[in-house]
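Please open your viewer, and keep the selection tool at hand as we go from stop to stop.

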Amino acid sequence: MTTREQLEVHHKEAWFWARQCCRFQPDLAEDVLQTAYLKVLEKRALFHGKSSFKTWLFSVIRFTAIDMATAQHLHVSKHLGIDGIQLSEVTNSQKEDDAMNYESMINQLPGRQAELLLLVFYHDMTVEKAAEVMETSIGTARTHYDRGKKRLRELILASQLKQAI
Amino acid sequence: MKSEEDDLKDFFLEMKKGDASREVPPLAKLLLQQKQQKLPVWAVVAATINIILFVGGLWYRSLQPSKVVDARLLIETQSSVDQNSDMMTWETPTDKLLTNF
């Protein structure tokens, strides 16, 4: 199977992962996915077969998103004069829109916790595979995973209570 | 009985259902856009500055007097200096001593 064919197989999942890495900003996600595909097709990112193609592709997308978010962060800081602004803060205004807005709730989690939960629950990966995507140790991944689950459960409960009232 | 993670599984299941109706940009469209990507702005600016400097340099050189003329003048001056030079006719004061009588 050629690289192009493999990209076609995983394209839909890759798109949603790119979107999630960009805190659900579709325009940025499109740029990230384009850049990641370019890296893959031009062999600037090489697949050595140590993990599955999907795991590797997700890792390329994640690091591309980090690079582009950093660039965007600097751009925003330059123009608005705000230091330390985070991508999550850009979308925080969405939180108030809907009490059970899944994306807003994910955005309220710290980045790594959100990524781990998405990889495990949304993309059906094991914590070990998720750790490979994030290029972190399994121990660190498990810590983020447990904290993320606890925090998200609290958010879900708070949202359910809010809806009940 | 619900397991501890069922509430989270339900949460992400609902999220997936919501995403199922979202439009996914076709792979071909993304790859086509990559091919059509323009040069970065800084590259265009750098190329423009280079062209302006090159053309400006040529124009400036055209305003300068020709160096060929300078060289000819230098040669002419040098030759006249050589002709009028006393060095050509100068003799040492003791030169006569070398003369054989």
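This is a predicted model: local features need pLDDT of at least 70, side-chain atom pairs count only at pLDDT 80 or more; totals for chains, interfaces and linings use all residues.

**Stop 1: two helices of chain A**

Now show the side chains where they meet. On α6(A) the contact includes A:Arg112, A:Leu116, A:Leu117 and A:Val120; on α8(A), look for A:Ala141, A:Tyr145, A:Arg147 and A:Leu152, among others. Colour this contact by class and you will find seven nonpolar, three polar and four charged residues.

**Stop 2: along α8(A)**

Keep α8(A) selected and look at its length. With 27 residues at 1.5 Å a residue, α8(A) should span 39 Å, and its end C-alpha atoms are 38 Å apart, which agrees. Which residues of α8(A) are buried? Pick A:Ala141, A:His144, A:Tyr145, A:Gly148, A:Lys149 and A:Leu152. These buried residues pack against α5, α6 and α7 of chain A, and also against α1 of chain B.

**Stop 3: across to chain B**

That last partner is our bridge to the other chain. Select α1(B) together with α8(A): their axes come within 10 Å and cross at roughly 75°. From α8(A), the contact uses A:Lys149, A:Leu152, A:Arg153 and A:Ile156, while α1(B) brings B:Asp7, B:Leu8 and B:Phe11. By class, four of the residues in this contact are nonpolar, none is polar and three are charged.

**Stop 4: the largest nonpolar core**

Now go inside. The largest nonpolar core has 44 residues, and the ones that touch the most other members are A:Ala18, A:Val32, A:Leu33, A:Ile61, A:Val120 and A:Ala130. Several helices of chain A each supply at least two residues of this core, including α3 (53-80) and α7 (127-133), and so does α1 (6-20) of chain B. Which helix gives the most to this core? Select α6(A), with its eight residues.

Leaving aside residues up to four places away in sequence, A:Val120 touches A:Met125, A:Val127, A:Ala130 and A:Tyr145.

**Stop 5: the rest of chain B**

Chain B has four helices and zero strands, and its pattern along the sequence reads α-α-α-α. Of its 101 residues, 3% are buried.

Select α3(B), residues 41-63. This helix has 23 residues and reaches 33 Å from its first C-alpha to its last, close to the 33 Å expected. How many of the 23 residues of α3(B) are buried? The number is zero, so α3(B) lies largely in the open.

Conventions. Residues are numbered from 1 along each chain as its sequence is written. Chains are lettered from A and ligands numbered from 1 in the order in which they are written. The expected span of a helix is 1.5 Å times one less than its number of residues. A residue is buried if 20 or more other C-beta atoms lie within 10 Å of its own, exposed if 12 or fewer, and partly exposed in between; C-beta atoms are placed from the backbone. A nonpolar core is a set of buried Ala, Val, Leu, Ile, Met, Phe, Trp, Tyr and Cys residues joined through C-beta atoms within 7 Å. Two residues are in contact if their C-beta atoms, placed from the backbone, lie within 7 Å. Axes are lines fitted to C-alpha atoms, for helices over the stretch in contact, and angles run from 0 to 180 degrees between N-to-C directions. Ala, Val, Leu, Ile, Met, Phe, Trp, Tyr, Cys and Pro count as nonpolar, Asp, Glu, Lys and Arg as charged, and the others, Gly among them, as polar.
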